Amino acid sequence: MDRINTIGRRKTAISRIYMSAGSGAISVNGKDYKQYFPTEVLQIILNQPFATVNGVGGYDVKVNVRGGGVAGQAEATRMAIARALVEVNAEFRPALKKEGFLTRDSRMVERKKPGRKKARRRFQFSKR
């Protein structure tokens, strides 16, 4: 298996990954993924595609991620890993699609409007 290059997006985070057959080492921006994503929840999110297709520890992944916060970055990386697994074996697609890992979650923060406190919140109305 050659090196597979895919991209994943979530909110404003963009994750580019390079996946190849290996021992299961995952590095994010030059650090080990457990150091970059310190909470267990984010680490589980990152490993969900591998767990779905029973491929834990079978691939080395090098991740370049930027933009957004850690949760958005973890979910963007999850999408990129799922796309790479489909390139490795097309039979993985139905299982990953069912879990929703191949669907781009397009929800973004709504912009603040002029004359408002936030995107929708108005200033307090005073009758007198």
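Colleague: How is Lys113 classed by relative accessible area: buried, partly exposed or exposed?

Modeller: The classes are set by relative accessible area, where buried means under 20%, exposed means over 50% and partly exposed lies in between (1.4 Å probe, protein chains only). Lys113 has a relative accessible area of 23% and is therefore partly exposed. This is a predicted model, in which local features need pLDDT of at least 70 and side-chain atom pairs count only at pLDDT 80 or more, while totals for chains, interfaces and linings use all residues. Residues are numbered from 1 along each chain as its sequence is written, and side-chain values use heavy atoms, with hydrogens and water left out.

Colleague: Which residue forms a salt bridge with Lys113?

Modeller: Side chains of opposite charge can pair when their charged atoms come close. The term salt bridge is used here for a side-chain nitrogen of Lys or Arg within 4 Å of a carboxyl oxygen of Asp or Glu. The partner of Lys113 is Glu110, with the closest N and O atoms 2.7 Å apart, and Glu110 is partly exposed at 37% relative accessibility. Glu110 also meets the side chain of Arg120 in a salt bridge, at 3.0 Å from N to O. Both Arg120 and Glu110 lie in the segment after H4, so this pair ties together parts that are 10 residues apart in sequence. Arg120 has a relative accessible area of 60% and is exposed.

Colleague: How many salt bridges does the structure hold, and what does Arg10 pair with?

Modeller: The structure holds 5 salt bridges, and in one of them Arg10 pairs with Asp105, the closest N and O atoms being 3.5 Å apart. Because Arg10 lies in strand S1 (residues 4-10) and Asp105 in the segment after helix H4 (93-99), the pair ties together parts that are 95 residues apart in sequence; helices (H or I, at least four residues) and strands (E, at least two) are DSSP runs, numbered from the N terminus. Arg10 counts as buried at 8% relative accessibility, whereas Asp105 is partly exposed at 24%. Arg10 and Asp105 also belong to a network of salt bridges that links them with Glu75 and Arg107.

Colleague: And where is Thr77, and which residues does it touch?

Modeller: Contact means heavy atoms within 4.5 Å. Thr77 sits in helix H3 (residues 70-88) and is buried, with a relative accessible area of 0%. Leaving aside residues up to four places away in sequence, Thr77 touches Ser15, Ile17, Leu46, Val63 and Val65.
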